[in-house]
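This briefing covers the strand and helix arrangement of one protein. The sequence and structure come first, followed by notes grouped by topic.

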Amino acid sequence: MKSLPIVVGLALVAPSAALAGTTPEPPAPPVPMPTVPDAPVVAPTPPIEEPTEPEQSPVGEGTPAPTGSALIAIDPGHGGADPGTVGVLPRGTATGLKKRTDGRGRTLLLEKDVNLDVARRLKRWLESRGYRTILTRSKDLAGGDRTFTTTRDDLQSRVDIANQAPASLFISIHMNAARSKTARGAETYHFRISGPAAASLANTVQDRLVTRTGLPSRGVRKAGFYVLKHTAMPAVLVEGGFLSNVRDSRLLATNAFRARVAAGIGEGVDTYISEGGSFGDPNGEPLKIKYWVHAGQFRQRALVLKRVALLRRNGFDALVRRRYSVRANRVMFFAVAGQFALLDNAKRLRAEMRAKRMPGVIGPSG
Ligand SMILES: [Zn+2]
């Protein structure tokens, strides 16, 4: 679904609750911040000193990729109470999936069902070629095979599974929708400020996907989707056709075509790795969010909400984070524009903010 991830991404990084003035997250327990002198100043604050610890190498650069050891996280979008987008087909159309009909007896093609079917096929395809895989959900449930509660929890579960494994690559599978019934084809996304590895992976996946399926190519695109932003390895999100388009949805209603979508994505992953593309270390430590890029810390919620709104007007996803400040001896509100495992990625976002004359400060996420 094309529109949903965008809406979802915004909703997640700047929960409407935060903008409405309610608490966006449980109160953080008091945590001392030994390495970061926290100025007791109202915004904008002087920059927090960057951590002096050695930088990790950026994801996907300089890490040789031994094929057999790659662990591919496959993320079937939506699930459980979140169906994703829905295609409508004539009564009696067989799909090879769980039977779904509307009140008029027409066949419904639910994105969550298509995504899971393609994901399972991709898993088999990759495993038959020696790759290890991990699914972020294996059933008609939210991420981690848990009951769907909120979109944020769902997406965070998926990110946690990939980061904690840790996976080498992350492939999120979705189907698209548009108001225009004529829109069709495939597109592949990477995070808008990702490193070259994710962009390269998106290119090979998109290329093999359209070759294998014959779908029109809508190209490689950049976005701020939650699962792309918060995963700590090269990550892409595939939109494998439009359920709002008659041609695409009829194709996606067949086992044979879904097998081609899976094979195309698999070939893209295989090509990326066999051509020397690199990935997060599958035997390394779990990757954790270590850095915040924020645009000020505030005593008053009203002020941090104003700053978050300003960030959003400038095209940055933002959310409110609370953290106890030892120096101020109180909880402060931070306008956080990004959370990263890798310092280089944090620096890229900071540069982008500064180019738009927004304050950008990197600090440990604590
Ligand atoms: Zn979707």
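Helix 9 (residues 301-313) lies across strand 9 (291-298), strand 10 and strand 11, at about 15° to strand 11. The model is predicted: local features need pLDDT of at least 70, side-chain atom pairs count only at pLDDT 80 or more, and totals for chains, interfaces and linings use all residues. Residues are numbered from 1 along each chain as its sequence is written.

**Terms**
- Helices (H or I, at least four residues) and strands (E, at least two) are DSSP runs numbered from the N terminus.
- Strands pair if DSSP finds at least two bridges between them.
- Residues are in contact if their C-beta atoms, placed from the backbone, lie within 7 Å.
- Axes are lines fitted to C-alpha atoms, for helices over the stretch in contact, with angles from 0 to 180 degrees between N-to-C directions.

- The open, antiparallel sheet has the strand order 10-11-9-12.
- Strand 10 (319-325) and strand 12 (361-364) are its edges, each pairing on one side only.
- The twist from one strand to the next averages 50°.
- Strand 10 and strand 11 (residues 330-340) run antiparallel and are joined by seven bridges.
- Y324 has V331 in strand 11 as its bridge partner.

- Strand 6 (residues 186-191) pairs antiparallel with strand 8 (residues 235-242) over three bridges.

**Whole protein**
- The secondary structure comprises ten helices and twelve strands.

Conventions:
Two residues are in contact if their C-beta atoms, placed from the backbone, lie within 7 Å.
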